[in-house]
Amino acid sequence: MNKILIKSANVVNEGKITNTDILIVNERIEKIAPNQSESNSLIIEAEGLYLFPGVIDDQVHFREPGLTHKATIQSESKAAIAGGITSFMDMPNTIPNTLTLELLEEKYAIAAKSSLANYSFFMGINKDNLEEAIKVDTENVCGITDDGLYFNNDEGILANYPDYLEKLFARSETLIALHSENDAIIRYNTEKYKKIYNDDIPFRFHPLIRSEEACLEATKSVLDIARKHNNRLHLFHISTLKEANLFDNTLPVSQKRITAEACIHHLWFSDKDYERLGANIKWNPAIKTVQDKTGLLAALLDNRLDIIATDHAPHTTEEKKGNYFKAMSGGPLVQHALPAMLEFYHQGKISLERIAEKMSHNVAEIYKIKERGYIREGYYADLVLFDLNNPWKVNMENILSKCQWSPFENQVFSSKILQTIVNGNLVYDKGSFNENINGLRMKFSKIR
Ligand SMILES: [Zn+2]
């Protein structure tokens, strides 16, 4: 029997911070109560430290299969665990694109053998695979999405095809998650700047090319269709305040039919940083203005936005080089997402309770994940223990993502993740990993 007793941790859970002990037996949390003692258990002394439910990241690109020169499920799940992320949901723009149920199951098989974190994989949806996509097993797959697939075809993002979305939304009984940007507006803006700069468009124009208007138009159109069909829609990586204002904050997250997220890079960086960081902060949707950045955090705090994700999308340093058109969009974030949010806590911008809510509880609510996302007796023991006052600097030596760079390089974070427990196993322990135990496939309630 595998037993761990965490002593005197400040447990941050469900809107409260409680100093207590947590006994883990095998995969699950057995007992939450102060002053416990237990023979034959590993004791973790957590006096002065903080314990969160493991972070659940609903948007990562771990690049396997097909793009393993950038990243693998093994390498990135390891970086995620070191960042306190115990569960992830991965996007379908791997090679081949995840457009059939058979290809989808192949990804689960890879993760079962190599992922240190718990996992789910989105089924890909494009204009040709509606019948296949809607057959997806909703209790075993997190949802269907078009995210990232626009890189591999000329048709672009589904938000640009309202007639097709009507058909999809009318037929689908599972959660649909979308990337929403308007292709026509982006094309128009690209041509405009190309006329001035040819291929050498300065990176600071990225948010004027993939513009606020491009995001807003697409998001409005998608919301209209989803509301008509009362679909369970989730919008990834909202990057503008104007879009955030389109979402409802009157219903509790568990009752919302339409939910949305902000990502770490849109909360941390702004268009002021392009000069300094260039292609290293080139993302789609683009990082926008300071007003958008602060507006997104405000929208998280007043519940128009529901969760925080990473959109972790590594490329090699070589692939991030070159002119505006050559340098690929995306970068690694899973290792630094929670430390970045804890930095906001130090700056007085968000409480620890709200971080746990937005990075763990609400993700479980949105996807109706079974027995994860909270620190509760009987639930899986997915936990992250951190020290709020243990400063460290991001550098080449401690970046774990396979691509070996980070937009956070040289950033000093005040808080350090010390230990991460996944399904009751101490997988990350102050810099070392237990790589012998793999995570589990997440399960979901049928009614979403
Ligand atoms: Zn996307």
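Does Phe 269 count as buried or exposed at 2% relative accessibility? In this predicted model, Phe 269 counts as buried, because its relative accessibility of 2% falls under the 20% limit. Phe 269 is also part of an aromatic grouping, described next.

The structure holds 21 aromatic pairs. A pair of aromatic rings is described by the distance of the centres and the angle of the planes. For Phe 269 and Phe 408, the ring centres are 5.5 Å apart and the planes stand at 35°, so this pair is tilted. The two residues come from distant parts of the chain, 139 residues apart: Phe 269 lies in the loop between helix H9 (264-268) and helix H10 (274-277), and Phe 408 in the loop between strand E16 (392-393) and strand E17 (412-413). Phe 408 is buried, with a relative accessible area of 1%. Another tilted pair is formed by Trp 392 and Phe 413, whose ring centres are 5.8 Å apart and whose planes make 45°. This pair, too, links distant parts of the chain, with Trp 392 in strand E16 and Phe 413 in strand E17, 21 residues apart. Trp 392 counts as buried at 15% relative accessibility, and Phe 413 counts as buried at 0%.

The charged end of Lys 78 sits over the ring of Phe 433, at 4.9 Å from the ring centre. Lys 282 lies over the face of Tyr 324, 4.8 Å from the centre of that ring.

Lys 78 belongs to helix H1, where it is one of the buried residues. Nine of the 10 residues of helix H1 (residues 73-82) are buried, so the helix is largely enclosed by the rest of the structure. The buried set consists of Ile 73, Ser 75, Glu 76, Ser 77, Lys 78, Ala 79, Ala 80, Ile 81 and Ala 82. Their cover includes E7, H2 and E8, together with strand E18 (416-422), strand E19 (425-429) and strand E20 (432-433). Just after H1, Gly 84 takes a positive phi of about 85°.

Strand E7 (residues 85-90) pairs with E8 in the parallel sense over four bridges, and Ser 87 stands opposite Asn 118 in E8.

The loop between H13 and strand E15 (383-387) contains Gly 373. This glycine counts as buried at 7% relative accessibility. Leaving aside neighbours within four places in sequence, Gly 373 is in contact with Pro 53, Ile 56, Ser 360, His 361 and Ala 364. The C-alpha atoms of Gly 373 and Glu 217, which are 156 residues apart along the chain, are separated by 33 Å.

The model also contains a zinc ion, coordinated by Asp 147 (OD), His 179 (ND1) and His 237 (NE2) at 1.9 to 2.3 Å. The spacing of these donor residues in sequence is D-x31-H-x57-H. His 179 is in the loop between strand E11 (176-178) and helix H5 (183-197), and His 237 is in the loop between strand E12 (233-235) and helix H8 (241-244), so the two histidines tie together parts that are 58 residues apart in sequence. Both His 179 and His 237 are buried.

How values were computed: Residues numbered from 1 in each chain as written. Predicted model: local features only at pLDDT ≥ 70, side-chain atom pairs only at ≥ 80, totals over all residues. Heavy atoms only, no water. Pairing = 2+ DSSP bridges. Buried < 20%, exposed > 50% of the residue type's maximum accessible area, 1.4 Å probe, protein only. Contact = heavy atoms within 4.5 Å. Phe/Tyr/Trp six-rings, centres within 6.5 Å; stacked < 30°, edge-to-face > 60°. Lys NZ or Arg CZ within 6 Å of the ring centre and 35° of its normal. Donors = N, O, S within 2.8 Å, 3.2 Å for Na, K, Ca; no water.
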